[in-house]
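Please consult the sequence and the model shown below while reading.

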Amino acid sequence: SICDRMLDLREPFFRGHYVDRRFEGTTKLKKVGEVLTQDLSYAALDVNNGSMVGDLWYEMVNTEDINQANQISINLQKYCNMDTTSLITIYQFLKNL
């Protein structure tokens with residue numbers, strides 16, 4: 001099944017199989033991805049923290065302002081794209097070890 005083929009990309013870092021001082025003691029994928037590639041940074045995004053996503057989603061689906069909803073949608077898509085890029089970067093890094 002697909003579940004049997006799923007893997008948690010955080011595990012090698014969480015378990016201490018790969019450590020880098022630039023992780024600053026955390027194994028969050030956002031931090032790991034930023035360390036593994038210098039081109040990856042959430043800092044410039046309007047949505048740059050996963051804790052913002054739920055509130056913004058709620059605001060997007062409940063606002064009557066279509067322009068505001070569209071802008072939130074764009075910002076959430078950029079954040080999700082960065083997450084996906086980070087996961088791909090981490091996967092490729094681990095694969096090449």
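**Briefing on the predicted model**

E24 is exposed, with a relative accessible area of 64%; exposed means over 50% relative accessible area, buried under 20%, and partly exposed in between, for a 1.4 Å probe and protein chains only. This is a predicted model, in which local features need pLDDT of at least 70 and side-chain atom pairs count only at pLDDT 80 or more, while totals for chains, interfaces and linings use all residues. Residues are numbered from 1 along each chain as its sequence is written, and side-chain values use heavy atoms, with hydrogens and water left out.

**Salt bridges**

- Side chains of opposite charge can pair when their charged atoms come close.
- A salt bridge is taken here as a side-chain nitrogen of Lys or Arg within 4 Å of a carboxyl oxygen of Asp or Glu; by this rule the structure has 3 salt bridges.
- E24 is joined to K31 by a salt bridge, with 3.3 Å between the closest N and O atoms. K31 is partly exposed, at 21% relative accessibility.
- R15 and E11 form a salt bridge in which the closest N and O atoms are 2.8 Å apart. R15 is exposed at 54% relative accessibility, whereas E11 is partly exposed at 29%.
- D20 and R22 also meet through their side chains in a salt bridge, at 2.8 Å from N to O. D20 counts as buried, with 14% relative accessibility, and R22 is partly exposed, with a relative accessible area of 37%.

**Aromatic residues**

- Rings of Phe, Tyr and Trp (its six-membered ring) count as a pair if their centres lie within 6.5 Å; planes under 30 degrees apart are stacked, over 60 edge-to-face, and the rest tilted. The structure holds 5 aromatic pairs.
- One of these is the edge-to-face pair of F13 and Y18, with 6.0 Å from centre to centre and 85° between the planes. F13 is buried, at 3% relative accessibility, while Y18 is partly exposed, at 23% relative accessible area.
- What kind of pair do the rings of F13 and F23 form? Their centres are 5.7 Å apart and their planes lie at 85°, so the pair is edge-to-face.
- F13 belongs to helix α2 (residues 11–14) and F23 to the loop between α2 and α3 (29–36), so this pair ties together parts that are 10 residues apart in sequence. Helices here are DSSP runs (H or I, at least four residues), numbered from the N terminus.
- Both F13 and F23 are buried.
- One aromatic cluster is made up of F13, Y18, F23 and F93.
- The charged end of K30 sits over the ring of Y42, at 5.1 Å from the ring centre; this requires NZ of Lys or CZ of Arg within 6 Å of the ring centre and within 35 degrees of the ring normal.

**The largest pocket**

- Rolling a probe the size of a water molecule over the atoms shows where empty space is left.
- The largest pocket holds about 180 Å³ of space. A pocket is an open set of points, on a 1 Å grid over the protein atoms alone, where a 1.4 Å probe fits, with protein on both sides within 12 Å along at least five of seven lines; lining residues have an atom within 4 Å of a point. Points are joined across faces, edges and corners, and the volume is the space filled by probe spheres set on them.
- Its lining includes K30, K31 and Y42, together with others such as E34, Y79 and D83. The elements that give two or more residues to this lining are α3 and α5.

- T89 is placed in helix α5 (residues 66–95) and counts as buried, at 18% relative accessibility.
- Neighbours within four places in sequence aside, T89 is in contact with L36 and T37; contact means heavy atoms within 4.5 Å.
- T89 and I72 are 17 residues apart along the chain, and their C-alpha atoms are separated by 26 Å.
- N75 is also in helix α5 and is buried at 11% relative accessibility. Not counting residues up to four places away in sequence, N75 touches D46 and V47.
- D46 is found in the loop between α3 and α4 (53–62) and is exposed, at 54% relative accessibility. Apart from neighbours within four places in sequence, D46 is in contact with M52 and N75.
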